[in-house]
Amino acid sequence: MEKFEEFEHRIKRALNNLDAKISYLHDATGQLKNSFGEFQEEMDEFMHFVGNHVSDHEQGLIRIEKRMGI
């Protein structure tokens, strides 16, 4: 019975260690997910900003070309 209790104690300690590692990974991946979501929002805003300015420049070039008769 003593060997079983020793084995059980070792298994419980290993399971607790494994649980701690899983909790750590879960927290870390959750933070990565949040960071990626924020990054994605910022990239969407940036692409919208760039798209608007490219459109503005294209319109300006079209007006210049019309004035020049191109």
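Glutamate 8 and lysine 12 share helix α1, where they sit 4 residues apart, or about one turn of the helix. The model that shows this is predicted. These two residues form a salt bridge, and their closest N and O atoms are 3.7 Å apart. That pair qualifies because a salt bridge needs a side-chain nitrogen of Lys or Arg within 4 Å of a carboxyl oxygen of Asp or Glu. The count of salt bridges comes to 1.

How exposed are the two partners? Glutamate 8 has a relative accessible area of 32%, so this residue is partly exposed. Lysine 12 is also partly exposed, with a relative accessible area of 48%.

**The aromatic pair**

A search of the whole structure finds 1 aromatic pair. The partners are phenylalanine 36 and phenylalanine 39, and their pair is tilted. Their ring centres are 6.4 Å apart, with 35 degrees between the planes. Why is the pair called tilted? Planes under 30 degrees apart count as stacked and those over 60 as edge-to-face, so an angle between these limits is tilted.

Phenylalanine 36 is partly exposed, at a relative accessible area of 49%. Phenylalanine 39 is partly exposed as well, at 46%.

One patch is nonpolar. Met1, Phe4, Phe7, Ile11, Leu15, Leu18 and Ile22 make this patch, which has an area of about 760 Å². Where does methionine 1 sit? Methionine 1 belongs to the segment before α1. Its relative accessibility is 76%, so methionine 1 counts as exposed.

The other patch is negative. Its members are Glu38, Glu41, Glu42, Asp44 and Glu45. Among them, aspartate 44 is found in helix α1. Is aspartate 44 buried or exposed? At 52% relative accessibility, aspartate 44 counts as exposed. The reason is the cut-off: exposed means over 50% relative accessible area.

**Distances along the chain**

How far apart in space are residues that are separated in sequence?

| Residue pair | Apart in sequence | C-alpha to C-alpha |
|---|---|---|
| Asparagine 17 and glutamate 42 | 25 residues | 38 Å |
| Alanine 28 and lysine 3 | 25 residues | 37 Å |
| Glutamate 8 and serine 55 | 47 residues | 69 Å |

Several residues in the table have a known place. Asparagine 17 is in helix α1. At 42% relative accessibility, asparagine 17 counts as partly exposed. Alanine 28 also has its place in helix α1. Its relative accessibility is 25%, and alanine 28 therefore counts as partly exposed. Buried would mean under 20% relative accessible area.

Methods: Residues are numbered from 1 along each chain as its sequence is written. This is a predicted model: local features need pLDDT of at least 70, side-chain atom pairs count only at pLDDT 80 or more; totals for chains, interfaces and linings use all residues. Side-chain values use heavy atoms; hydrogens and water are left out. Rings of Phe, Tyr and Trp (its six-membered ring) pair if their centres lie within 6.5 Å; planes under 30 degrees apart count as stacked, over 60 as edge-to-face and the rest as tilted. Buried means under 20% relative accessible area, exposed over 50%, partly exposed in between (1.4 Å probe, protein chains only). Helices (H or I, at least four residues) and strands (E, at least two) are DSSP runs, numbered from the N terminus. Patches are made of residues with over 30% relative accessible area and no salt bridge: like charges are joined within 9 Å, nonpolar side chains (Val, Leu, Ile, Met, Phe, Trp, Tyr) within 5 Å. Accessible areas come from the Shrake-Rupley method with a 1.4 Å probe; for residues, only the protein chains shown count as cover. Lys and Arg count as positive and Asp and Glu as negative; His and the chain ends are not counted. The place of a charge is taken as NZ of Lys, CZ of Arg, CG of Asp or CD of Glu.
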